[in-house]
Amino acid sequence: MLAITRRNMILELLREHQSVNVSELAASLGVATETIRRDFKELEAEGKLIRTHGGAYITEGVQNDISVSMRSVIRKQEKKEIARKCAELIQTGDSIFLDASTTDWFVAQELLEKHITVLTNSLKVAEILSASSCVRLILAGGNYAPRSMSFCGEQTIEDLSRYYVDKAFLSCRTVHIEFGATDSNESDALARRTVLHRSHSTYLAVDHSKLDGISFVNICPLEDLTAVICDEPLSPLWQNHLKSIGVACY
């Protein structure tokens, strides 16, 4: 198979699945994993995909919903920095909400020694915090979604609607100065909107790659947030806009 043919097939699979695994791709195309890695390197240089450890993904398309297995290895250091900043805002006795984002997986890992109450619809967050003797954990149930390792649907919204929290830590697929926080998954967006209106303070935790994009479904305008937490300093444009609407940035 010619390299150009193989790379076109890789791009077709990416458009269909949004993310691909090196080993699975090599097996399906009948080539060595190193061949696929070289293809990924060439395609990334052309700006057609983003490589990760063990795979690759694309971010184009407002409904592109990348699987949790891929998201869990994307921008790990950035998420760790965001998690550290989030943990500094959480005090003893706080009740908080953590959503089903992989960013909040890292936040959960920072909270094992804190005496707090955590409400979540994420099975992975619950799994992490179940090891803590300090955290009071409340898991909202419902229909289990393996792609995000979370619970969603009518039962989940009913469960979340029973509670009010001091602080909610939400993430999203993209965030835009004009259009606010948006996501590719309607169920995730609904869960986040539900808690947004039931929290005293709401923090949007996003890495810098999510800035200035727009996805399929609205979560909230920026004005509904208490603060935006990012892994690196926001641009003067973002900082000035957030200041003008009374939203802090960290």
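**Close-up views of a predicted model**

**View 1. The salt bridge between glutamate 44 and arginine 51.** Glutamate 44 has a relative accessibility of 28% and therefore counts as partly exposed. Its partner in this predicted model, arginine 51, is likewise partly exposed, with a relative accessible area of 39%. The closest N and O atoms of the two side chains are 2.7 Å apart.

**View 2. Helix H3, residues 33–45.** The helix comprises 13 residues and reaches 18 Å from its first C-alpha to its last, close to the 18 Å expected at 1.5 Å a residue. Thr35, Ile36, Asp39, Phe40 and Leu43 are buried. Seen down the axis of H3, these buried residues fall within an arc of 140°, so they line one face of the helix. Arg38, Lys41 and Ala45, on the other side of H3, are exposed. Glycine 47, which follows H3, has a positive phi near 75°.

**View 3. The salt bridge between aspartate 39 and arginine 7.** The closest N and O atoms of this pair are 2.7 Å apart. Aspartate 39 lies in helix H3 and arginine 7 in helix H1 (residues 3–17), so the pair ties together parts that are 32 residues apart in sequence. Aspartate 39 counts as buried at 1% relative accessibility, whereas arginine 7 is partly exposed at 23%. A network of salt bridges links Arg6, Arg7 and Asp39.

**View 4. The salt bridge between aspartate 183 and arginine 192.** The N to O distance is 2.3 Å. Both aspartate 183 and arginine 192 are buried.

**View 5. Helix H6, residues 102–109.** Because 7 of its 8 residues are buried, H6 is largely enclosed by the rest of the structure. Among the buried residues are Trp105, Phe106 and Val107.

Terms used:
Residues are numbered from 1 along each chain as its sequence is written. This is a predicted model: local features need pLDDT of at least 70, side-chain atom pairs count only at pLDDT 80 or more; totals for chains, interfaces and linings use all residues. Side-chain values use heavy atoms; hydrogens and water are left out. Helices (H or I, at least four residues) and strands (E, at least two) are DSSP runs, numbered from the N terminus. The expected span of a helix is 1.5 Å times one less than its number of residues. Buried means under 20% relative accessible area, exposed over 50%, partly exposed in between (1.4 Å probe, protein chains only). The arc is that of the directions from the helix axis to the C-beta atoms. A salt bridge is a side-chain nitrogen of Lys or Arg within 4 Å of a carboxyl oxygen of Asp or Glu.
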